[in-house]
Amino acid sequence: MDSTATDRFDTSRFEASRNRLASLAYRLLGSAADAQDAVQDAFLHWQAADRQRIKVPEAWLTKAVTNLCLDRLRSAQVRRERTVGAWLPEPLLDGDPMLGPADTFEQRELVSLAVLTLMERLSPLERAVYVLREAFSYSHAEIAEILDITESASQQHLHRARRRITAARRGSEVDPASARRIVEEFLAAASSGRTERLVALLTDDATAISDGAGLTEKLLRYDTPQRIAAIARAGFKPTPAKRRLAGGTPAIHYALVNGAPAILFVIGDQVIGAVTFDITGGKIATVRGIAAPTRLVRLTEAWRQHAPDTPLIAQW
């Protein structure tokens, strides 16, 4: 096989792993854009490597991507950005290949916005061990090889990660029809200004988080049902000023984002805002408002290939 044919063959081998590598990187970084960059960097390393000496390409590529992601998580810039509370995971529309594998509840939960946020509490190594074990079922021997640690250290990192995630976890799988009904009730109550109904839909310890459409340095947080209801009532009331800021009159669609119920504000084929909901015990525990354009790029790309249902509100 000549060198050109070899390059084509090796490129094909990499491309066959691209979705899996991107899924791994997304879980480690919580950002689709950063995940794509990490996978592309891994491709450059793959091209530069002596590939004839690589016995198991899948293992080599997994190690390359994992370590590139760890370098990013350890960087001073990333630590600074995430420490000041200006970070939310990048939302993905259900069906996006970056959300796979999703065969088990544990795998689906690991890409929920809730768990991606909780993983910020883990050290980079704990996060890597947790993802490799829980999402991709690697053995501790394989994880030790990927991360250049001992099997015992891998087990200890996994134990600590599971303990921290389990202690803070709030949600559980919700019947899809019930989840949609609760979200529709929330939208109807917020749009009509029914504060009492909004409060009744929220858990006593509900939390709301907003990125302020990217206009604020820190996330906006609200920690009581009454405050959340007031913010929702004000935020969901349409006004000419809001339409001018949005660039038009959005339609509001129901969708699933990272496995959770959500509503999307859409103008034409552009998603300009997403509100996601964590539901537990038949009530809303967390509301996340995401409208920073940089966080909605991939979601918008997926939406353009999506056949949406009839909007909940055709003209907001």
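**Figure 1. The loop around T150.** The backbone nitrogen of A153 lies 3.0 Å from a polar atom of the T150 side chain, within the limit for a polar contact (a pair of N or O atoms within 3.5 Å; within protein, one must be able to donate a hydrogen and the other to accept it, and residues adjacent in sequence count only if both atoms are side-chain atoms). T150 itself belongs to the loop between helix 8 and helix 9 (151-168). Its C-alpha atom is separated by 8.5 Å from that of H140, ten residues apart along the chain. The model is predicted: local features need pLDDT of at least 70, side-chain atom pairs count only at pLDDT 80 or more, and totals for chains, interfaces and linings use all residues. Residues are numbered from 1 along each chain as its sequence is written, and side-chain values use heavy atoms, with hydrogens and water left out.

**Figure 2. The packing of helix 7 and helix 8.** Helices (H or I, at least four residues) and strands (E, at least two) are DSSP runs, numbered from the N terminus. Helix 7 (residues 124-134) and helix 8 (residues 140-147) pack at an angle of about 140°, with their axes 10 Å apart; axes are lines fitted to C-alpha atoms, for helices over the stretch in contact, and angles run from 0 to 180 degrees between N-to-C directions. The contact (heavy atoms within 4.5 Å) is made by L125, A128, V129, L132 and R133 of helix 7 and H140, I143, I146 and L147 of helix 8.

Figure 3. Six strands form an open sheet in the order 2-1-6-5-4-3, with mixed pairing; two strands pair if DSSP finds at least two bridges between them. Strand 2 (220-222) and strand 3 (251-257) stand at the edges with a single partner strand each, so one side of each is left without a neighbour in the sheet. On average, neighbouring strands are turned by 20° against each other, direction ignored.

**Figure 4. Strand pairing at the strand 1 end.** Strand 1 (residues 202-210) pairs with strand 6 in the parallel sense over five bridges, and L202 has I284 of strand 6 as its bridge partner. Strand 1 and strand 2 run antiparallel and are joined by three bridges. In strand 2, R221 stands opposite I209.

**Figure 5. Strand 3, strand 4 and the helices upon them.** Seven bridges pair strand 3 with strand 4 (residues 260-267) in the antiparallel sense, and P261 of strand 4 is the bridge partner of L256. Helix 10 (residues 176-192) packs on the sheet, touching strand 3, strand 4, strand 5 (270-280) and strand 6 (283-290). Helix 14 (residues 297-304) lies across strand 3, strand 4 and strand 5, and runs at about 100° to strand 5.
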